[in-house]
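Have the structure open while reading.

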Amino acid sequence: MKQTYNRTLIACYTGYVVQAVVNNFAPLLFLTFQNTYNISMSRITLLITANFIIQLITDCLSAGFIDRIGYRASLMIAHAASAAGLICLPLLPGLMPDPFIGLLIAVGIYAIGGGLLEVMVSPVVEALPTKNKEKTMSMLHSFYCWGHVGVVLISTIFFTFFGVNNWKIMAVLWALIPLYNFFVFRKVPLCPLIEEGEEGMSSSELIQKPAFWILMIVMVCAGASEQSVSQWASTFAEQGLGVSKTIGDLAGPMFFAVCMGGSRLLYGLYGERLNLKKAMILSGVLCVFAYGMISLSPAPALSLLGCGICGFSVGIMWPGAFSIGASVLKGGGTAMFAFFALAGDLGCSGGPTYVGMISEHAGGSLKMGIQWAVIFPLLLMTGVILIRTRRES
């Protein structure tokens, strides 16, 4: 791959770090927002919901306007919105009569950026002239994990040395990353997703393909398999190690993210030696084992270890589904990646909700909720097997 395209690839890696920042920085400050601005926990929860809903809406609408204005302009808008939202996060609450409205507007701005990045970065990388696209896609998605780890670790270190009261400075510092990448994407070369002479599928053509619907289910299950455990990792850490909430956040979600990123990194380095579809099925088997370890182990520390194994097992599910879709649905274009991002986000939201509902009916037993969530990796494996059968028959 030419050196110029290496710059494009690095910019895309940085784009996933930006998405990790916009999704994971504000949650570190929810207690601070509650105490500083006297905001109720129900309104704090609304910030999470708004971020998710706006990203979903962006996923739905993006396919139409990205192709009209082009990928370069869309990528620049995504980074500009991400930077603007992070800068507005410390500024707007003090300028609004109700600080919560200021926070909500800031979250809404960077959620647009995060949603656009989720839809665009993967197809940009898919279009680059790389030798092994599955490896490159897995490496790309590992940067979201490393970005997540970096946000938690660097922010925690900053707050330890300079105090959480200086979070506004940290927000502006994080905004420098999307601001820098905004200027990078002004110049780096981009490749067309649909090659010259080829005709891409329309949305109506895409939804008529049985493989498309199978892969949509696979994407939902990939997101659900990941987040069904990730959202509860902090709780398992606190219970298993008997530590504070802060240490629990580091030991739980960071442990999960490191294991997931490690899985993607390993596949990114050595993926050419593996069959992607077989690796996806084996990942599903390992995920089922991890769910059993979490839900059936009598020792809380083993449940925490199960969280890490789960993180490793789900690592290649999301990028793997993207790569399979790109190879099976040739010419799927922007619409395909937008639909896949939408399905993945639905899984990320629906998985934890499903676990929470089962847990509530089981008398508050999170382990019972995780046990019933085994349906997600099982459905994912079934979908991948069906795709293999259709391609190989």
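Buried means under 20% relative accessible area, exposed means over 50%, and partly exposed lies in between. Glu-226 has a relative accessible area of 7%, so Glu-226 is buried. The model is predicted. The salt-bridge count comes to 2.

**Salt bridge Arg-264 to Glu-226**

- Arg-264 pairs with Glu-226 in a salt bridge, and the closest N and O atoms are 3.9 Å apart.
- That distance passes the rule, because a salt bridge needs a side-chain nitrogen of Lys or Arg within 4 Å of a carboxyl oxygen of Asp or Glu.
- Arg-264 sits in helix α12 (residues 253–270) and Glu-226 in helix α9 (residues 210–230), so the pair ties together parts 38 residues apart in sequence.
- Arg-264 has 3% relative accessibility and therefore counts as buried.

**Salt bridge Arg-43 to Asp-98**

- Arg-43 forms a salt bridge with Asp-98, with 2.9 Å between the closest N and O atoms.
- This pair links distant parts of the chain, 55 residues apart.
- Arg-43 belongs to helix α3 (residues 41–69), while Asp-98 is in the loop between α4 (71–95) and α5 (99–127).
- Arg-43 has 31% relative accessibility, so Arg-43 counts as partly exposed.
- Asp-98 has 26% relative accessibility, so Asp-98 also counts as partly exposed.

- Ser-313 lies in helix α14, which spans residues 300–314.
- Ser-313 counts as buried because its relative accessibility is 1%.
- The Ser-313 side chain reaches the backbone oxygen of Cys-310 at 2.7 Å.
- Leaving out residues up to four places away in sequence, Ser-313 touches Ser-283, Leu-286 and Cys-287.

**Nonpolar surface patch**

- Which residues form a nonpolar patch on the surface? They are Leu-153, Ile-154, Ile-157, Phe-161 and Phe-162.
- Together these residues have about 530 Å² of accessible area.
- Ile-154, one of the patch residues, is placed in helix α6 (residues 133–162).
- Ile-154 has a relative accessible area of 43%, so Ile-154 is partly exposed.

Technical notes: Residues numbered from 1 in each chain as written. Predicted model: local features only at pLDDT ≥ 70, side-chain atom pairs only at ≥ 80, totals over all residues. Heavy atoms only, no water. Helix = DSSP H or I, 4+ residues; strand = E, 2+ residues; numbered from the N terminus. Buried < 20%, exposed > 50% of the residue type's maximum accessible area, 1.4 Å probe, protein only. Polar contact = N/O pair within 3.5 Å; in protein donor to acceptor, adjacent residues only side chain to side chain. Contact = heavy atoms within 4.5 Å. Patch = residues over 30% accessible without salt bridge, like charges linked within 9 Å, V, L, I, M, F, W, Y side chains within 5 Å. Areas by Shrake-Rupley, 256 points an atom, 1.4 Å probe, with all protein chains shown as cover.
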